[in-house]
Amino acid sequence: MKLKILGSAAGGGFPQWNCACRNCSGLRAGKLHAQPRTQTQIAFSPDDHAWFLIGASPDLRAQLLCSPQLAPSPDSPGQVPIGGVFLPSADVDAAMGLLHLREFQTFFVFATAGVQRALRSENRIFKVLERGDPPVQWQVLSSRGRLGCHLSESPGELPTFVCNTIPLGGDYPDYVSDEFRRAAAPDDATVGFLIELEGKKIFIAPSLAGHTGEWQKLAASADLVLIDGTFWSSDELRRTGRTSKTAREIGHIPLSGADGLLAQFPADAQGRKILIHINNTNPILDEDSPEHRAVLEAGFEIAYDGLSISL
Ligand code: MLT
Ligand code: MN
Ligand code: ZN
């Protein structure tokens with residue numbers, strides 16, 4: 001299985017257009033030892049031909065153009081290597097990129113019923129995906145489910161890969177109506193994925209609220225973990241003056257602190273663990289910072305755009 005990180009930043013990317021924090025200004029001035037990053041986007045391929053996207057980032061078009069593996073081939077006109085998109089939530093950061101895929105193409109979108117309703121009933125703009133013939137195929141994921149995906153059409157074959165979903169405790173996006181919020185299933189709002197293929201497991205959780213510990217078992221069982229590295233501390237976003245919300249209030253467990261991700265991550269986990277969805281304010285982006293050193297010493301890697309992994 002191949003996996004490629006096309007984007008590794010949280011919403012807004014790094015640097016972020018309206019931010020003059022130490023990181024963003026330092027990067028713009030060329031005075032920070034750090035790499036710019038686009039908004040989080042993951043792609044994986046079970047067989048090196050068909051590719052699946054996890055999330056659809058606002059930067060998706062440019063990210064696809066940097067990835068020759070994801071380009072259509074002149075040998076099979078009308079076909080694209082991208083077979084489907086797994087949506088972890090209906091957040092703008094995770095779903096806006098669907099609008100970059102609107103060019104009369106058929107593909108699958110896998111999402112919980114709640115995420116599908118947030119996108120399709122609360123917004124008309126995603127109807128643009130119905131222009132393909134046949135239109136984009138929306139498939140329902142249960143928030144606690146197990147879906148076998150078959151790439152071959154021969155009957156009786158085992159699935160090529162299995163995608164397990166678990167609720168990660170986040171909330172629905174700010175844009176949904178109060179009526180929607182009252183009626184929607186909370187567990188459907190934000191899910192993580194455990195992908196199983198050829199005896200290997202990848203756990204993907206770019207937005208982890210951390211209210212419950214259900215994710216810990218999956219993280220411990222996986223050969224590769226891509227997990228929420230959005231914020232170092234809970235008041236980090238508040239310090240920019242743009243919002244009064246804490247990291248936890250917007251659905252992200254911070255990395256530091258006694259109840260933070262580094263402390264909560266299962267100590268017996270054997271797999272490779274990579275922080276992704278890193279906010280522009282996060283001090284771990286500064287490669288000379290003590291926080292950067294601390295996450296490396298805790299055994300985590302920090303995702304960067306273009307990181308490719310073979311499992
Ligand atoms: C989020 O997922 O909450 C956002 O990426 C945070 C942000 O927009 O900075
Ligand atoms: Mn985000
Ligand atoms: Zn910033």
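I start with strand β6, which supplies four residues to the lining of the second largest pocket, the largest share from any element. Bear in mind that this is a predicted model. The second largest pocket has a volume of about 680 Å³. Its lining comprises 29 residues, and those closest to the centre are Phe52, Ile82, Gly83, Phe108 and Leu151. Two or more lining residues come from each of β4 (82-86), β5 (108-112), β6 (137-141) and β7 (145-149). Sorted by class, that lining has 15 nonpolar, 13 polar and one charged residues.

Now the largest pocket. About 1,100 Å³ of space lies in it. The lining here is made of 43 residues, with Asp91, Asp93, Asp174, Ile250 and His252 nearest the centre. By class, 17 are nonpolar, 17 polar and nine charged. Helix α3, residues 92-95, gives the largest share of this lining, three residues.

Which residues coordinate the manganese ion, ligand 2? They are Asp93, through OD, and His277, through NE2, at 2.2 Å. Asp93 sits in helix α3, while His277 is in the loop between β12 (272-276) and α8 (290-297), so the pair links parts that are 184 residues apart in sequence.

Are these two buried or exposed? Asp93 has a relative accessible area of 29%, so it counts as partly exposed. His277 is at 8%, and is therefore buried; the cut-off for buried is under 20%.

That is what I have; questions are welcome.

Key. Residues are numbered from 1 along each chain as its sequence is written. Chains are lettered from A and ligands numbered from 1 in the order in which they are written. This is a predicted model: local features need pLDDT of at least 70, side-chain atom pairs count only at pLDDT 80 or more; totals for chains, interfaces and linings use all residues. Side-chain values use heavy atoms; hydrogens and water are left out. On a 1 Å grid over the protein atoms alone, a cavity is a set of points where a 1.4 Å probe fits but cannot get out, and a pocket is an open set with protein on both sides within 12 Å along at least five of seven lines; lining residues have an atom within 4 Å of a point. Grid points are joined across faces, edges and corners, and a volume is the space filled by probe spheres set on the points. Ala, Val, Leu, Ile, Met, Phe, Trp, Tyr, Cys and Pro count as nonpolar, Asp, Glu, Lys and Arg as charged, and the others, Gly among them, as polar. Donors are N, O and S atoms within 2.8 Å of the metal (3.2 Å for Na, K and Ca); water is not among the atoms, so sites may look incomplete. Buried means under 20% relative accessible area, exposed over 50%, partly exposed in between (1.4 Å probe, protein chains only).
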